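Dear colleague,

Please find below the structure that I am handing over to you, followed by a summary of what was found in it.

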Amino acid sequence: QAGVDIVDTALSPLANGTSQPSTEALVATLQGTPRDTGLDLMKLSEIAAHFRKVADKLKAEGILDPKVLNVDTKTLIYQVPGGMLSNLLSQLKQANAEDKYYEVLAEVPRVREDFGYPPLVTPTSQIVGTQAVLNVLSGERYKMITKESKGLLRGEYGRLPGKVNEEVRKKAIGDDKVITCRPADLLKPELTEYAKEMRDKGIGKSEEDVLSYALFPQVAEKFFAARDKKTPSNIDENGVRQLIVEDLSV
């Protein structure tokens with residue numbers, strides 16, 4: 001009735017929590033209805049038995065945190081999406097501060113409000129989440145402010161939808177001017193500069209190479225060097241493969 005076409009699910013050993021709902025549960029629920037999936041529960045059970053061992057191994061190795069598989073309705077209050085929740089747990093584990101989990105969850109909506117209610121999708125969800133972790137672990141709100149948080153409050157990610165806490169903004173960026181236009185309009189064209197830099201270095205053969213160099217300069221240089229060593233002799237200076245035909249009639 002709501003117009004749902006597809007529902008993403010996961011096998012029960014790795015379902016629920018920050019994951020997807022259980023495949024087997026949904027299949028069983030829809031059996032005998034017009035939405036019957038036609039999937040065999042017995043076969044799904046056999047597959048789930050395999051992944052139950054995988055899940056147990058991941059839990060034993062500390063890779064899979066049982067918390068992410070539990071249903072916690074407080075996440076609706078804390079406004080934390082699944083992917084962001086997994087990242088928060090990882091950050092706290094690295095800091096040996098998993099006991100601060102619920103304090104961080106409670107801090108997330110407060111930081112989001114201070115920042116003018118940015119949408120909790122990548123990258124702003126990670127910016128808000130990381131700042132919430134720092135606020136809790138440092139024992140003082142905004143004692144440490146990330147570069148990304150400053151950029152968000154400065155307007156580098158675009159105009160924020162809500163009202164920003166000006167005290168927090170002042171603490172983060174001081175007297176820096178807030179960007180009110182489209183941030184990308186302030187960027188200088190750089191592609192021609194990258195192309196010139198590549199010509200000076202004698203690397204790259206195409207526009208695609210310039211793009212690769214602009215995005216990943218260090219990696220691209222190594223890639224070009226390795227590629228050029230393997231380049232067949234029938235590749236011309238423009239990167240075009242030449243067809244060589246030998247006349248055998250003579």
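The model is a predicted one. Its largest nonpolar core has 33 residues, and V80, L88, V104, L105, V108, F115 and V128 are those with the most contacts inside it. Helices α4, α5 (101-114), α6, α7 (147-154) and α8 (166-173) each supply at least two residues of this core. Apart from this core lies another, of seven residues, including A195, I203, Y213 and F224.

The axes of α4 (residues 82-94) and α6 (residues 124-137) come within 10 Å and cross at roughly 35°. On the α4 side, the contact is made by G83, M84, N87, L88, Q91 and L92; on the α6 side, by S125, Q126, V128, G129, T130, V133 and L137. These residues divide into six nonpolar, seven polar and no charged. Beyond its neighbours within four places in sequence, L88 touches V80, V104, L105, V108, G129 and V133.

Charged pairs form a further topic. The whole structure contains 17 salt bridges. In one of them, R141 pairs with E107, with the closest N and O atoms 2.7 Å apart. R141 lies in the loop between α6 and α7 and E107 in α5, so this pair ties together parts that are 34 residues apart in sequence. R141 is partly exposed, at 34% relative accessible area, whereas E107 is buried, at 3%. R141 also forms a salt bridge with D114, at 2.9 Å between the closest N and O atoms. E107, R110, D114 and R141 are linked in a network of salt bridges.

Yours sincerely

Note on methods. Residues numbered from 1 in each chain as written. Predicted model: local features only at pLDDT ≥ 70, side-chain atom pairs only at ≥ 80, totals over all residues. Heavy atoms only, no water. Axes fitted to C-alpha atoms, helices over the stretch in contact; angles between N-to-C directions. Helix = DSSP H or I, 4+ residues; strand = E, 2+ residues; numbered from the N terminus. Contact = heavy atoms within 4.5 Å. Nonpolar A, V, L, I, M, F, W, Y, C, P; charged D, E, K, R; others polar. Core = buried A, V, L, I, M, F, W, Y, C linked by side-chain atoms within 4.5 Å. Buried < 20%, exposed > 50% of the residue type's maximum accessible area, 1.4 Å probe, protein only. Salt bridge = Lys/Arg side-chain N within 4 Å of Asp/Glu carboxyl O.
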